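Let me jot down what I look up as I go.

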Amino acid sequence: MKHKSVIIIGIIIGVFLVAKKSLANQENKELFEKIFENTFNFETSNGKRDEQYEHGTLISKYGIQQDTYNDYLKHNRTQWRGISKIDFAEAKKIYHWIFYDRRKVYLLPAFIQGIVFDYVFWLPKYAIEDLQKIVGAKIDGGIGRETTDKTVEYLNRVDVNTFIEKYNAMRWKRMQSRDNFEENKDGWRNRLKKLEQLYRKE
C-alpha cells in the first residue's frame with residue numbers, strides 16, 4: 001500500500017512539473033511574440049517595407065542580411081538560397097533562433113528582454129557586453145548564469161527605467177562610431193526613444 005502511494009505521489013509530481021513547464025513555454029512564446037513584433041516593425045517600417053536595397057542590390061529582407069541567413073540555413077541543414085526567398089514565417093523563426101534563443105536572451109528578466117533583444121538584433125556581441133558592463137558581470141559577450149544572476153541583482157537595486165537609460169546611452173555611443181551615423185542618426189535616435197516608451201515602467 002505504501003509503495004502504491006509513493007507511485008501515485010510521483011505521478012502527481014510528474015504531471016505538475018510537465019504542466020508547469022508547458023505554462024512557462026507558453027509564457028515565453030507570448031513574450032517573444034510581443035518582442036518580435038516591436039523589433040520587426042522597426043526593421044520594416046511597421047510592416048510596410050520588407051526589402052532594403054543599396055546601389056540596386058538587395059542587402060536585407062525583414063532586417064535580415066545574407067550572412068545571418070546563411071547561419072540559419074546551415075543550422076537547419078538547408079540548401080543555400082538568397083534572402084529574397086525569405087517569407088514572414090521564416091523571418092520570425094530566424095529572429096527567434098539567431099537573436100533570442102542562440103543568444104539566450106530568454107534567460108534575462110522578462111521586463112528587459114525586449115530592449116536587450118532589439119540591441120542584440122543590431123549588434124549581438126556589443127549588446128551583451130554593454131549589459132554586462134552595467135550589471136557588473138564578466139565581459140565575455142555571452143549570457144550565462146553569472147550574467148543572469150548579476151542582472152537580477154542589479155535590477156533589485158536599480159529602477160528598470162534607469163537601466164534602460166544607461167543601456168540606450170551605451171548603444172547610442174556605439175551608433176556614433178558607425179560610418180553611416182550621419183545619414184541614419186535621426187532614425188536611430190527615434191528608435192531609441194520609441195524603445196524607451198515601449199519598455200519603461202510607469
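First, a term I'll need: a salt bridge is a side-chain nitrogen of Lys or Arg within 4 Å of a carboxyl oxygen of Asp or Glu.

Ground rules next. I'm working with a predicted model, where local features need pLDDT of at least 70 and side-chain atom pairs count only at pLDDT 80 or more, while totals for chains, interfaces and linings use all residues. Residues are numbered from 1 along each chain as its sequence is written, and side-chain values use heavy atoms, leaving out hydrogens and water.

**Overall layout.** I looked up the secondary structure and found eight helices and two strands. Helices (H or I, at least four residues) and strands (E, at least two) are DSSP runs, numbered from the N terminus. Along the sequence I read α-β-β-α-α-α-α-α-α-α. The chain has 202 residues, and 37% of them count as buried. For my notes, buried means under 20% relative accessible area, exposed over 50%, and partly exposed in between (1.4 Å probe, protein chains only).

**Salt bridges.** How many salt bridges does the structure hold? I noted eleven.

I started with Glu182 and Lys185, whose side chains meet at 3.1 Å, N to O. They sit three residues apart in helix α8, so about one helical turn separates them. Glu182 is exposed at 55%, and Lys185 is partly exposed at 26%.

Then I checked Arg191, which pairs with Asp118, the closest N and O atoms being 2.9 Å apart. Arg191 is in helix α8 (residues 181-199) and Asp118 in helix α4, so this pair ties together parts 73 residues apart in sequence. Are these two buried or exposed? Both Arg191 and Asp118 are buried.

Arg102 bridges to Asp71, with closest N and O atoms 3.8 Å apart. Arg102 lies in the loop between α3 (88-101) and α4 (110-122), and Asp71 in helix α2 (residues 66-75), so the pair ties together parts 31 residues apart in sequence. Arg102 comes out partly exposed at 38%, and Asp71 is partly exposed at 36%.

I picked Asn168 in helix α7 (residues 160-176). It counts as buried, at 7% relative accessibility. Which residues does Asn168 touch, leaving aside neighbours within four places in sequence? I found Ile115, Leu192 and Glu196 in contact with Asn168, where contact means heavy atoms within 4.5 Å.
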